[in-house]
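Here is a briefing on one protein model. Please look over the structure first, then read the points below.

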Amino acid sequence: MKITFLGAARTVTGSCYVLECEHSRFAIDCGMHQGNRDIEMRNWDENEVYQPEALDFILLTHAHIDHSGLLPRLVAKGFAGPVYMTAPTRELVEIMLEDSARIQETEAQWRSTKKMRAGDLPVEPLYTVEDAQKAFSRMVVQEYNQSFSPKPGIRVVFNDAGHILGSAFIELWVKEGDKETKLVFSGDLGRPDQLLVRDAQTVETADFLFLESTYGARNHKNEAESRDELASAIKYSYERGEKVIIPAFAVERTQELLYSFYLLHKDGRLPADMPVFVDSPLAIKATEIFRRNWDYYDQQTKELIKKGENPLELPNLRYTLTAEESRSINVSQGPAIVIAGSGMANAGRIKHHIRHNIWKPGASIVFVGFQAEGTPGRRIVDGAQTVRILGEELSIKAKVFTIGGFSAHAGQQQILDWLSHFRSPGMSVYLVHGEHTGQKVLADLIRDKFNLTVHIPDYMDDCLLEKGGRFELTAHPSLAAPRIDWDYLLEETAAKLSQVQERVDYLKRMGLTNQVEIRGNLVAINSRFTTILSELIFEQKQAEKRD
Ligand SMILES: [Zn+2]
Ligand SMILES: [Zn+2]
């Protein structure tokens, strides 16, 4: 049996594994790659890489786009099998894929207009709303903790992963000849004591475990401490008459924040004249789905509801659906709390709220989730003086709060606790869904504590899985990290500059209009250089701090 790592390998997005065994070829998750342009190009590689027409079925761990986002693309390109998931995942993934498709359409339209103005051909969206809707017809719901068999010789059980509503980790048994191999895919593992969702279930056996490692190098503070931090952000900006801006994913994080505000309100720690805006049509739809699915919640939440309370309600809660309503928040005066997406401040309405507030000394920017490398969120969290958002270099004067304790991912110790339930001494562990530096820390801890074999696969690595320990990892470094020829690039740049310098005498004799135009272009190039340099120096300082 062979597994190929098609994403979330030494990074956190694009989760996807393809398994090839005696009777079948299938995938677990098919997430969108997000981050810089090179990484996002991987979304377009379906023919060589995913081969959608040759996939028999897909198992989906949960609704987040980094696990489900390529589904419409694969269906449009020939995948015709069923996609298995839990009932709440199905409800959530439908609204998320539709939203994602709308973003793809809008972006393609915007880029097409730009290209056509320059005489180029228009660009196609990655997928359309229609593609997304076609994907819905492939979805098949399965209950938690009930075994099903998508193909002869293959058995699957979804277990609660405690990460978001409907999230699952997967037990998979594959029979080849008279040998049966058991694989466990953790999906994203929740944080125990997370509000709303139940704690992750545990299992005891596996031959191969594919384990997420988002917080491989870090522990979270507890829920109550995190709520105190949130309260201090509110107090800080309320007293200064400014806004608290919270970038948050629309699904789960937004609802948990509402729950936290509900608890703060009960404690008298949320001022009555401080409105809470949920500025995201997707979050509004997701909250509706959460309201319908109380069955899947933890005991604590169910008891609240039995008492007639609703932890997703607040007296001063306002939902803003339209773009006009969203803009009106920015012209409104006085303190307010604004929750909007995306969670890493790299897309969506949150960018506008950050632009309007981050330069104001009394405002707060509160991060409640993981900020991936290369995103504006990560830059702000790392302590930069300025950040570039919507094409503008913004000075950071607002107070920045990073509250890890609201994470929907298990922290380092919690991952180890979950792992401690396994009773399979020969098990091989593969760390996925994490950044490489953190993964190395976690790998060492797992080797030390549990004496298990640990691998950290890279993008497009494949591996023969054979019970009893023999494995073969085929690395594809050129695919994982295409080499950039810096020397060549910089020589080219320097050569062009010297060609301009050689002509400076002639330049000075040109008509003033021409001179002004060339000066304008050179000033623009100069300012790009300033941005590149300041980024480089900032990253260098960060790296020195880490070493
Ligand atoms: Zn997730
Ligand atoms: Zn994920």
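Helices H6 and H7 are roughly perpendicular to each other, a label that covers angles of 65 to 115 degrees, with under 35 called roughly parallel, over 145 roughly antiparallel and the rest oblique. This is a predicted model, in which local features need pLDDT of at least 70, side-chain atom pairs count only at pLDDT 80 or more, and totals for chains, interfaces and linings use all residues. Residues are numbered from 1 along each chain as its sequence is written, while chains are lettered from A and ligands numbered from 1 in the order in which they are written.

**Helix pair H6 and H7**

- The axes of H6 (residues 223-239) and H7 come within 11 Å and cross at roughly 75 degrees. Axes are lines fitted to C-alpha atoms, for helices over the stretch in contact, with angles from 0 to 180 degrees between N-to-C directions.
- Helices (H or I, at least four residues) and strands (E, at least two) are DSSP runs numbered from the N terminus.
- H6 contributes Arg227, Leu230 and Ala231 to the contact, and H7 contributes Ser260, Leu263 and Leu264. Contact means C-beta atoms, placed from the backbone, within 7 Å.
- By class, the residues of this contact are four nonpolar, one polar and one charged. Nonpolar covers Ala, Val, Leu, Ile, Met, Phe, Trp, Tyr, Cys and Pro; charged covers Asp, Glu, Lys and Arg; the others, Gly among them, are polar.
- Ala231, in helix H6, is partly exposed, with 17 other C-beta atoms within 10 Å. The cut-offs are 20 or more other C-beta atoms within 10 Å for buried, 12 or fewer for exposed, and partly exposed in between, with C-beta atoms placed from the backbone.
- Not counting residues up to four places away in sequence, Ala231 touches Leu264 and Arg269.
- Ala231 and Glu46 are 185 residues apart along the chain, and their C-alpha atoms are separated by 46 Å.

**Domains and core**

- The domain assignment gives domain 1 (2-218 + 408-480), domain 2 (223-406) and domain 3 (489-542). Such bounds come from an automatic or database assignment.
- Domain 1 and domain 2 have C-alpha centres 28 Å apart.
- Across this pair, 24 residues of domain 1 are in contact with 23 residues of domain 2. The domain 1 side has 12 nonpolar, six polar and six charged residues.
- The largest nonpolar core has 129 residues, and Tyr17, Ile170 and Ile246 have the most contacts inside it. A nonpolar core is a set of buried Ala, Val, Leu, Ile, Met, Phe, Trp, Tyr and Cys residues joined through C-beta atoms within 7 Å.
- Helix H4 (residues 87-117) gives the most to this core, with six residues.
- Domain 1 and domain 2 both give residues to the core, so it lies between them.
- Ile246 is in contact with Leu257, Ile337, Val338, Ile339, Val366 and Val368, leaving aside neighbours within four places in sequence.

**Backbone exceptions**

- Most residues other than glycine have a negative phi, and most peptide bonds are trans.
- A cis peptide bond joins Gly341 and Ser342, with omega about 0 degrees. Ser342 sits in the loop between strand S15 (336-340) and helix H11 (350-357).
- Glu252 has a positive phi, near 80 degrees. This residue is in the loop between strand S12 (243-247) and helix H7 (253-266). Glu252 counts as buried, with 28 C-beta neighbours inside 10 Å.
- His433 also has a positive phi, near 55 degrees. Its loop runs between strand S20 (428-432) and helix H14 (436-450). His433 counts as buried, with 29 C-beta neighbours inside 10 Å.

**Other sites**

- Glu242 lies in the loop between H6 and S12. Glu242 is buried, with 21 other C-beta atoms within 10 Å.
- Beyond residues up to four places away in sequence, Glu242 touches Ser237, Pro335, Lys360, Gly362 and Ala363.
- Gly391 is in the loop between strand S17 (386-389) and strand S18 (392-395). Gly391 counts as exposed, with 6 C-beta neighbours inside 10 Å.
- Val157 is in strand S8 (residues 154-160). Val157 counts as partly exposed, with 19 C-beta neighbours inside 10 Å.
- Val157 and Ser147 are 10 residues apart in sequence and 4.7 Å apart in space, C-alpha to C-alpha.

How values were computed: Two residues are in contact if their C-beta atoms, placed from the backbone, lie within 7 Å.
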